[in-house]
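Here are a few notes to go with your first look at this one. Have the sequence and the model open side by side as you read.

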Amino acid sequence: MKFELTEEQRMVKEALRRFVEKEVAPLVEEAEAHGKFPLHLFRRMGELGYLCVRYPLEIGGGGSDKITECILAEELNRICAGIAAGLMVQGGLATLPIYQFGSQELKERILLPAIKGEKIGAFALTEPDVGSDAASIKTRATRDGDYYILRGAKTFITNGPICDYAVVAATVDPSRKAEGISLFVVEKGTPGFTVTRKLEKVGNRSAETGELLFDDCRIPAANMIGDMEGKGFEQIRDTLMSGRITYGGRSTGVAQAAYEASLKYAQDRVQFGRPIVQFQVTRFKLAQMAMKIDVMRSYTYRVARLYDEGHRVMKEASMVKLFCSETLQEILAQAMQIHGGYGYTMEYPVQRYWRDGRLFTITEGTSEIHHTVIARESGF
């Protein structure tokens, strides 16, 4: 199996790096300070085909593959994990179920504008009392003629406060557990759909995260994703499988940023008459960081290539998410240690990488859940 990027992928990587450094990096300080996502980025990236990079060119996407999407994730997260979170939800969780399973009408009305950045999407799965046990969600969808009535609440929803629509997981029959779940598109302005509050977070502050309420929210039956009830859990599983691979790129990007900041600090910081990068203890920390990042990146690309080739990679996707997010914690700990006391101040960016990256072992499946998935998929 080849691990080298193609010439096209290398060119895209270089173009993406130029873009994020020129058009995203200058926005980070203000976005993080005020907890506000720079909304114009949705349309700007849509114009360039970067927002939904894997979708076909003829519908406004980038026409690229999963590896390119992981490259995009790495380059965005290297600059800012919070801004990256809002954009990656748009390119994956909030659009992929519609692209793969939605009706032609939903694709034309919701997906196409979302790919262009004209509509902002969210993916509403987690609830106040239900996190990892997705089969036990309580949000209820009751059929009423040509409509469904939704009742329930969602929390930790990235893009929730700014979304034009949300892909919402609800149960049509709680007794059926996973087999009773369906996905629905709920649009902003629909009576009964409200954002009850915006969550203040330790990290990823530029990603706007909120709680959603569905109070007798009446939506057309045509807004259900798929042609029959009870297929939502399978749709969620397939969507999350893709997203977990992307998390390899996300983790690698934050790790790369922490490594670059640590190397620069070690070259500039003088103790005992010489830069601390000359001390073996520091050099070994940096060498370990560089080695781990290379493994993270290579493993992510390997599984992304398997996904592109059409293989079922449920186990491998969880392995990528688990390995990369946990290895990121090791790298961030070393980065903070190299910076010493300065790393604990707000003056150096390493504290933001540390705060942002801590979330990665929790969201889109905790490390504990991924251990369970890997064990189950391995047959024990």
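1. Start with Asn204, which is buried (under 20% relative accessible area, with exposed over 50% and partly exposed in between; 1.4 Å probe, protein chains only), because its relative accessible area is 3%. You'll find Asn204 in the loop between strand 6 (193-198) and strand 7 (209-220); helices (H or I, at least four residues) and strands (E, at least two) are DSSP runs, numbered from the N terminus.

2. What touches Asn204? Leaving aside neighbours within four places in sequence, its contacts (heavy atoms within 4.5 Å) are Glu32, Ala81, Gly82, Arg250, Asp356, Leu359 and Phe360.

3. Before going on: this is a predicted model, where local features need pLDDT of at least 70 and side-chain atom pairs count only at pLDDT 80 or more, while totals for chains, interfaces and linings use all residues. Residues are numbered from 1 along each chain as its sequence is written, and side-chain values use heavy atoms, with hydrogens and water left out.

4. Now look at helix 1 (residues 7-24). Its buried residues are Gln9, Lys13, Leu16, Phe19, Val20 and Val24.

5. Cover for the buried residues of helix 1 includes helix 2 (28-34), helix 3 (40-48), helix 4 (66-79), helix 5 (81-91) and helix 9.

6. Helix 9 (residues 280-308) also holds Val295, which counts as partly exposed because its relative accessibility is 39%.
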